[in-house]
Amino acid sequence: MNPNILQQPVTLKYLDLSRHRLRLAAPLKTATGTFEVRETIVLRAGLQLADGRIQTGFGEAAPLSGWTRETFPGIQELAREIEYPMDMRSVANLDQHLPQLTASPVLRFGIELAILDALARAAHAPFLAQEHLS
């Protein structure tokens, strides 16, 4: 992805969350227990780009009991506290625009992923270079 894309000003117009339960193909056994389903929150971010276009991007926030301190209700509550629209000088400064996300790295990852996905879609560019996919 072109690094300049991260420096353009954008406006976060909205962030929608939807919770999903996914059955794993095989149980995942860990020291904290066995998991047969994986719960996740899919985030849909709407960005207004500098040229006025609105672009949607998707991310995921998936806390895992016993591995992260975050909970689904906590993530949902923190996401509800974000005020829209939010003007950002650049995505590279995400922590300055959303300092409350330091308490929730799982949600921060999901929001950043959704924003980066929207920017990549707007640029008609792959999110990852092919060499990272092999």
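Student: Which residues of strand S3 form the covered face, and which form the uncovered one?

Tutor: A strand here is a DSSP run of E with at least two residues, a helix is a run of H or I with at least four, and both are numbered from the N terminus. Strand S3 covers residues 54–61, and its covered face consists of Gln55, Gly57, Gly59 and Ala61, while Ile54, Thr56, Phe58 and Glu60 make up the uncovered face. Bear in mind that this is a predicted model, in which local features need pLDDT of at least 70 and side-chain atom pairs count only at pLDDT 80 or more, whereas totals for chains, interfaces and linings use all residues. Residues are numbered from 1 along each chain as its sequence is written, and side-chain values use heavy atoms, with hydrogens and water left out.

Student: In which sense do S2 and S3 pair, and over how many bridges?

Tutor: Two strands are said to pair if DSSP finds at least two bridges between them. Strand S2, residues 33–48, pairs with S3 in the antiparallel sense over eight bridges; among the partners, Leu47 has Gln55 of S3 as its bridge partner, and Gly46 stands opposite Thr56 in S3. The hairpin of these two strands has five residues between them, and in this hairpin Gly52 takes a positive phi near 95°.

Student: How many residues lie between S1 and S2 in their hairpin?

Tutor: The hairpin of S1 and S2 has two residues between its strands.

Student: What pattern does the chain follow along the sequence?

Tutor: Its pattern is β-β-β-α-β-α-α-α, which comes to four helices and four strands. For the chain as a whole, contacts (heavy atoms within 4.5 Å) can be sorted by sequence separation: among those between residues at least 6 apart, 63% join residues at least 24 apart. The accessible surface, from the Shrake-Rupley method with a 1.4 Å probe and, for residues, with only the protein chains shown counting as cover, comes to about 8000 Å², of which carbon and sulfur atoms hold 53%.

Student: How many salt bridges are there by this rule?

Tutor: The rule asks for a side-chain nitrogen of Lys or Arg within 4 Å of a carboxyl oxygen of Asp or Glu, and the count by this rule comes to nine. One of them joins the side chains of Arg44 and Asp16, at 2.4 Å from N to O. Arg44 lies in strand S2 and Asp16 in strand S1, so this pair ties together parts that are 28 residues apart in sequence. For burial, under 20% relative accessible area is buried, over 50% is exposed, and partly exposed lies in between, with a 1.4 Å probe and protein chains only; Arg44 counts as partly exposed at 32%, and Asp16 counts as partly exposed at 31%.

Student: Which residue does Arg23 form a salt bridge with?

Tutor: Arg23 forms a salt bridge with Glu36, and the closest N and O atoms of the pair are 3.9 Å apart. Because Arg23 lies in strand S1 and Glu36 in strand S2, the pair ties together parts that are 13 residues apart in sequence. Arg23 counts as exposed at 61% relative accessibility, while Glu36, at 46%, counts as partly exposed.

Student: How far apart are the closest N and O atoms of Arg108 and Glu112?

Tutor: The closest N and O atoms of this salt bridge are 2.5 Å apart. Arg108 and Glu112 are four residues apart in helix H3, residues 105–122, and are therefore separated by about one helical turn. Elsewhere, salt bridges that share partners join Arg19, Arg21 and Glu39 into one network.

Student: Which side chain does the side chain of Glu70 make a polar contact with?

Tutor: A polar contact is a pair of N or O atoms within 3.5 Å; within protein, one must be able to donate a hydrogen and the other to accept it, and residues adjacent in sequence count only if both atoms are side-chain atoms. The side chain of Glu70 makes such a contact with the side chain of Ser104, at 2.5 Å, and the backbone nitrogen of Val106 lies 2.9 Å from a polar atom of the Glu70 side chain. Leaving aside neighbours within four places in sequence, Glu70 is in contact with residues including Pro63, Ile75, Ala103 and Leu107.
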